[in-house]
Amino acid sequence: MRERKRIETQLLQTETQYRLLFATNPNPMWIFDLETLRFLAVNQAAILNYGYSEPEFLSMTLADIRPPEQISYLQTAISNFKRSSCPIFVCEAKHCKRDGTIIDVEINSHRITWEDKAAGFALIKDITAEKTALRDRQQSQALLEEAQQVARLGNWEYNLETGKINWSKQLFNLYNRDPAQLEPNYQELLQIFHPEDAEKLTQAVQHTIATGESYKLLLRVIKADNSIMYLEAIGHADFHPNGEIVRLYGTTQDITERIQAEEKLRQSEAQLVNTQKIAHVGSWELDFNTYQRSWSKETFHIFGLDPHQVEPNHAEFLQMVHPEDRAAVQTQLRQIIAYSTPFCLEYRIIRPDGSIRYVESRAEVTQDHQGNLAKLFGAILDITERKQAEAALARSEEQLRLTFEFNQIGTWNWNVKTGEVVWNDNHYRLLGLDPATSAATYQTWRDTVHPEDIERVEQLVSKALIEHTNFDAEYRVIHPDGSMHWLTGRGRGIYNAADEPIRILGIIIDISDRKFAEQALQEKETFLRSIYNSVGQAIFVVDVINNDFRYVGLNHTHEILTGLDSNELQGKTPEQILPPNLAAIIRQHYQDCLDAGDTITYEESLPFQGQQTWWITTLTPLKDVNSRIYRIVGNSVNISDRKRTEQMLELQAVITRNMAEGICLIRADDGVTVYTNPKFDQMFGYESGELIGQHVSVINYEDDEITAKSVNEVITANIMQYGEFTYEVKNIKKDGTCFWSSATSSVFEHPEHGTVFVTVQQDITEQKQAEEKIKASLKEKEVLLKEIHHRVKNNLGIVSSLLQMQYRRTQDSQATAILLDSKNRIASISLVHEKLYRSDDLANINFAQYIPDLTTHLFDSYNVSSSNIQLNIQVEDVSLDIETAIPCGLIINELVSNALKYAFPIDCTGKIQVSLSQASNHTLILIIRDNGVGLPAEFESKKTKTLGMNLIQGLVKQLRGTLEINSQQGTEFKISFTAGKA
């Protein structure tokens with residue numbers, strides 16, 4: 001009994017402690033029902049952090065604090081939690097607070113028994129700040145890399161003991177070398193430079209090694225295209241405590257642009273001297289007695305003035321000088337007068353157009369026969385470009401300085417004998433310490449290292465010193481604020497003559513992002529595998545082996561939806577599983593994913609289990625450390641039902657919206673309007689939706705003999721009697737205008753409004769009036785139509801001539817090809833209007849005459865001889881209206897042009913056939929065929945994005961036709977379309 005009592009007491013104490021821990025924990029905690037997911041208990045931290053009261057929490061489920069898009073992930077996580085054999089289940093998710101704030105959280109869960117029932121316990125950690133910090137670090141890294149690239153500067157290190165040279169990544173880029181290769185040795189490095197500069201560098205390095213003095217050299221590199229790259233190389237010596245130089249280090253910067261700018265400046269100055277001696281260009285003269293100026297023509301140009309005007313006086317000249325520089329100019333002039341010193345000054349001027357230019361002015365004083373100052377002769381040079389180059393150089397140097405300032409690498413120097421430690425500021429910061437308040441000691445470093453890592457790291461340091469190897473370790477440090485960071489430490493020992501270690505030098509780099517990314521990747525892989533096995537979408541995996549695609553497997557959902565067996569297709573290519581045409585399409589999708597190097601999404605239609613199905617498929621490439629795609633993961637959503645429904649709904653909506661007739665729905669029991677289409681509102685002069693809710697009689701005409709209500713009653717009676725009733729009725733618009741309509745009404749059971757009358761009305765007033773007007777002006781319109789065709793043809797001829805003129809003036813081959821194609825397209829349209837103008841039938845074109853004229857024009861345009869390329873035209877006596885003739889003519893223009901340009905190599909013979917035949921009463925078949933080289937094997941018309949192919953597909957669609965392409969023994973395009981309006 002005592003033992004039992006003691007156990008009960010311990011259990012009570014344990015439960016009390018547990019409840020106290022639960023209630024006072026600063027992190028949100030709760031207990032939930034594993035079946036219903038309802039909250040069973042929450043602590044105070046959860047109430048404070050999420051904004052819900054305890055009663056509110058206890059009336060909610062876990063799904064209530066998840067964003068809608070996270071519900072499916074919650075269900076998957078709960079399922080994995082239930083099946084997990086681990087005592088603690090950890091995952092990340094997004095939660096929604098009461099005020100709508102979305103936060104990122106880490107959830108640690110385990111199963112417990114709560115009130116004699118299985119339940120789940122969850123501890124929540126808000127990781128929103130960590131997620132934000134991670135994104136900020138990634139952005140900072142990207143900015144750093146961009147700054148390094150813009151500065152075009154790299155750093156290097158030369159170990160005199162080993163002869164090893166280390167380069168930064170930017171230095172590889174600077175020398176156009178692959179960073180995956182090793183750095184060159186010293187002799188190989190000298191081969192990079194101009195022979196004269198290699199010797200100069202050798203002397204400078206030897207001098208630095210001998211004296212310890214730094215060097216700064218201008219070196220030249222002859223690039224593959226024989227151009228010269230100028231480099232500024234700076235080197236410094238690093239001394240051993242015993243005074244011996246152990247290594248050289250420094251930077252190399254591409255200063256080609258600066259050198260070129262300086263060279264241009266020197267050439268400009270030389271050119272200015274010659275101009276002054278020969279033509280007095282940019283020269284000026286100032287008379288001290290009258291202060292009158294005499295300027296050369298170029299001086300006027302520099303100041304932005306007209307050389308034909310009078311030189312400005314002294315006040316006008318000073319007005320053109322920048323206000324901030326006037327005092328300096330006046331001071332120089334006073335010094336010349338006082339001391340007869342030469343004039344030399346850089347200052348800014350403001351031109352009449354407001355632009356600011358930098359000028360350099362130099363002058364010498366002349367004296368009269370009495371020794372008095374007489375005149376000042378000078379020259380002026382526009383140095384704006386040089387100033388801009390100097391400003392650009394200053395910006396580049398500032399970017400370089402910032403690059404080094406933000407380079408997060410800590411250095412350390414540990415004297416093994418004395419224990420003395422030297423750190424740079426970055427080293428302090430990487431340990432979470434303030435350089436101003438912390439001391440650099442071995443114990444300080446040791447105290448920051450994670451307790452689980454310190455022994456391993458110290459052993460690695462000792463082993464490196466004993467074995468004379470490099471120290472290399474990854475370990476964790478804990479900052480004073482409690483945050484944990486991963487560092488990689490690297491170092492090398494320095495030994496005395498007795499081969500005893502006296503010092504170890506090294507660096508530390510923060511690798512937290514990489515470590516956390518690896519951890520996140522592992523968690524994500526586990527998470528994705530659970531999704532793969534249980535998600536309701538079809539998932540498949542394809543390996544990329546030697547540019548071929550072999551299936552790895554399918555998930556269970558994929559097998560159910562498609563009838564394929566994962567075991568049977570493992571290791572097989574698409575061609576071993578699918579029909580050839582389908583396999584080619586699937587393979588092309590996989591190849592598109594490889595070419596894009598990123599996730600692609602597309603719709604596809606595939607036959608599975610005896611029926612055609614529609615899918616939205618997403619392909620995601622997986623890359624190895626060398627950025628090579630080794631696997632593709634795809635998931636497909638079956639949208640067949642949705643696709644069919646959308647097509648039907650879209651068709652119905654388009655028909656309703658675009659009908660030429662007005663449509664309305666009238667509730668049968670009370671005559672109230674419940675729907676009108678846009679045409680109906682327009683017909684009666686009402687705004688959209690204005691008639692909704694009003695009685696239909698408001699649109700019926702009434703007079704002294706009959707009321708609008710009685711008209712509606714007659715119509716309603718007939719509809720109810722016959723079920724469908726066609727009639728003509730006199731209506732009235734909102735503005736009081738009367739008009740006649742032809743209407744058909746039928747009874748329909750609406751799911752929302754019950755029994756309704758569906759009425760289709762067409763305004764026939766204008767139709768009748770139009771008939772009379774048409775008869776009265778038919779002859780006039782025939783004349784006008786001919787004139788229109790004539791003018792259109794002439795205007796298109798002008799456009800074609802302009803394109804021809806531009807074609808002859810343009811040297812660029814690509815531009816001339818585009819101009820020629822555009823000219824031919826316009827010519828095909830112009831020919832249509834010419835045929836109509838010259839025809840007695842203004843509505844139709846005889847294509848038996850049109851096609852020979854068009855093709856003959858194209859042969860002449862591309863300068864193709866009929867002796868090389870034979871043209872075979874087989875056209876039946878077919879007439880087309882203008883709306884069919886223009887797209888048809890443009891298709892013939894595009895396909896014949898493409899055949900002339902691409903089907904036959906130079907000096908090859910061939911045949912082009914153009915045929916137009918009538919397959920039935922209304923169906924026409926247009927065939928353009930050549931026996932040339934044919935289309936590329938990978939050609940797919942639906943995926944080709946060229947202008948010509950897009951134009952052909954658009955024109956075929958405009959004709960409401962179909963396009964068939966055959967690439968056997970040349971190329972054949974077959975277009976089937978219906979004669980009539982396109």
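Strands β26 (residues 662-667) and β30 (residues 754-763) pair in the antiparallel sense over six bridges. Within this pair, Cys664 has Thr759 of β30 as its bridge partner. A word on terms: two strands count as paired if DSSP finds at least two bridges between them, while helices (H or I, at least four residues) and strands (E, at least two) are DSSP runs, numbered from the N terminus.

Before going on, please keep in mind that this is a predicted model: local features need pLDDT of at least 70, side-chain atom pairs count only at pLDDT 80 or more, and totals for chains, interfaces and linings use all residues. Residues are numbered from 1 along each chain as its sequence is written, and side-chain values use heavy atoms, with hydrogens and water left out.

**The sheet around β26 and β30**

The two strands belong to an open sheet of five strands, ordered β27-β26-β30-β29-β28, with antiparallel pairing. At its edges stand β27 (673-676) and β28 (724-732); each has a single partner strand, so one side of each is left without a neighbour in the sheet. From one strand to the next, the twist averages 30°. Helix α23 (residues 708-722) lies across β28, β29 (738-750) and β30, and runs at about 170° to β28. Axes here are lines fitted to C-alpha atoms, for helices over the stretch in contact, and angles run from 0 to 180 degrees between N-to-C directions. Contact means heavy atoms within 4.5 Å.

**The chain as a whole**

The chain has 28 helices and 37 strands. Of its 982 residues, 38% are buried, where buried means under 20% relative accessible area, exposed over 50%, and partly exposed in between (1.4 Å probe, protein chains only). Among contacts between residues at least 6 apart in sequence, 48% join residues at least 24 apart.

**Two nonpolar cores**

A nonpolar core is a set of buried Ala, Val, Leu, Ile, Met, Phe, Trp, Tyr and Cys residues joined through side-chain atoms within 4.5 Å. The largest one has 37 residues, of which Phe847, Ile892, Leu900 and Leu926 touch the most other members. At least two residues of this core come from each of α26 (847-861), α27 (882-903), β34 (910-918), β35 (923-930), α28 (947-958) and β37 (971-978). Helix α27 gives the largest share, ten residues. Leaving aside neighbours within four places in sequence, Leu900 is in contact with Leu858, Phe859, Tyr862, Val864, Ile869 and Ile912. A second, separate core of 27 residues includes Ala198, Ala204, Leu231 and Leu248.

| α26 (847-861) | 15 residues | 21 Å | 21 Å |

In α26, the buried residues are Phe847, Tyr850, Ile851, Leu854, Thr855, Leu858, Phe859 and Ser861. They cover an arc of only 165° around the axis, which puts them on the same side of α26. The arc is that of the directions from the helix axis to the C-beta atoms. After α26 comes Asn863, whose phi is positive, near 55°.

In α12, Val329, Gln332, Leu333 and Ile336 are buried. Their arc is only 95° around the axis, which puts them on the same side of α12. Arg334, Ala338 and Tyr339, on the other side of α12, are exposed. The buried residues of α12 are covered by elements including β11 (283-287), α11 (314-320), β13 (343-350), β14 (356-367) and β15 (373-382). Ser340 follows α12, and its phi is positive, near 55°.

**Turns and loops**

Strands β3 (residues 89-96) and β4 (residues 102-114) pair in the antiparallel sense over eight bridges. They form a hairpin with five residues between them, and Gly100 in the turn has a positive phi of about 95°. Lys94 stands opposite Asp104 in β4.

Most residues other than glycine have a negative phi. Asn226, in the loop between β8 (215-222) and β9 (228-239), has a positive phi of about 70° although it is not a glycine. Asn226 is exposed, with a relative accessible area of 64%. Asn546, in the loop between β21 (538-545) and β22 (548-554), also has a positive phi, of about 50°, and is exposed at 77% relative accessible area.

Notes. The expected span of a helix is 1.5 Å times one less than its number of residues.
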